[in-house]
Amino acid sequence: MCSSAISFISSPHSLSLTHVFPTKTNPIFNCRVPPLKPPSFIRIPYGSFKKPSFFTSSKPFSPLMKWQDCTVKMEIDVPASVAYQLYSDREAIPNWMPFVSSVKVLEDKPDLSRWFVKYKAFGRNIEYSWLAKNMQPIPNQKIHWRSLEGLGNRGAVRFYPKGPSSCLVDLRISYEVPQLLIPVASVLQPFMENLLERGMDRFAKFAKSSSSTR
């Protein structure tokens, strides 16, 4: 009975595969495999990352800041259609949102708006701005947006009918933690949710007052 043996002979520079057939002539077939190369690693300097490219040299870019999510919900005593219409007026949002100082809709591009935040907290004067784009809304159900420049953020407001004269307003916001506030990031989220709850409470009163005067 014939038998065959396969053996691997390695060296620091190459790897040989020898298949031996035990015959009279004892032919030996050698297959030489190219030297094994050690795995490649991308060295990442502390504080930055590099994006590798096969055709161009790597260029460093700033790491993404941490994102936080906030959600607040509140039932208010106006129909969903009324709440939707009021919240659609972006320039009126500073009337109820504590930290938003002004919102200006661009005249030539009504789906874009410039937002300004001015607030004092954590012993700092906090001032930021961003350009936001309103995405395609669902009438009487959903308003959503994302920032195009400035402070990174995105979010949505949803309106759920609870009866003929009330609705549930669900506000969800995600934002980048600014470099200035990274040291207080652990307490920033509950602080922001508290501000949003206060804003939602003021919106409920604002909507009720606006509805009664119509």
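Biologist: How do the residues of the lining of the largest cavity divide into nonpolar, polar and charged?

Modeller: In this predicted model, the lining is made up of 27 nonpolar, three polar and two charged residues.

Biologist: What makes this space a cavity, and what is its volume?

Modeller: A cavity is a set of points where a 1.4 Å probe fits but cannot get out. By this rule the count comes to one cavity of 30 Å³ or more. The volume of the largest cavity is about 520 Å³.

Biologist: Which residues are the closest to the centre of the largest cavity, and which elements give two or more residues to its lining?

Modeller: The lining comprises 32 residues, of which F99, V117, W130, I173 and M192 are the closest to the centre. Two or more lining residues come from each of β8 (112-121), β9 (124-134), β10 (142-150), β11 (153-163), β12 (166-176) and α2 (185-212).

Biologist: How are these elements placed within the protein as a whole?

Modeller: The protein has two helices and 12 strands. From the N terminus on, the order is β-β-β-β-β-β-α-β-β-β-β-β-β-α.

Biologist: Why is R124 called partly exposed?

Modeller: Buried requires a relative accessible area under 20%, and exposed requires one over 50%. The relative accessibility of R124 is 26%, so R124 falls in between and counts as partly exposed.

Biologist: Where does R124 lie, and which residues does R124 touch?

Modeller: R124 belongs to strand β9. Leaving aside residues up to four places away in sequence, R124 touches Y119, L180, L181 and V184. R124 and L181 are 57 residues apart in sequence, while their C-alpha atoms are 9.3 Å apart in space.

Biologist: Why are C70 and C167 called buried?

Modeller: The relative accessible area is 1% for C70 and 0% for C167. Both values are under 20%, and therefore both cysteines count as buried.

Biologist: How many disulfides does the structure hold?

Modeller: The structure holds zero disulfides. A disulfide would require a pair of cysteine sulfur atoms within 2.5 Å.

Biologist: What share of the protein counts as buried?

Modeller: Of its 214 residues, 32% count as buried.

Methods:
Residues numbered from 1 in each chain as written. Predicted model: local features only at pLDDT ≥ 70, side-chain atom pairs only at ≥ 80, totals over all residues. Heavy atoms only, no water. Buried < 20%, exposed > 50% of the residue type's maximum accessible area, 1.4 Å probe, protein only. 1 Å grid on protein atoms, 1.4 Å probe; cavity = no way out; pocket = protein on both sides within 12 Å on 5 of 7 lines; lining within 4 Å. Points joined across faces, edges and corners; volume = space filled by probe spheres on them. Helix = DSSP H or I, 4+ residues; strand = E, 2+ residues; numbered from the N terminus. Nonpolar A, V, L, I, M, F, W, Y, C, P; charged D, E, K, R; others polar. Contact = heavy atoms within 4.5 Å.
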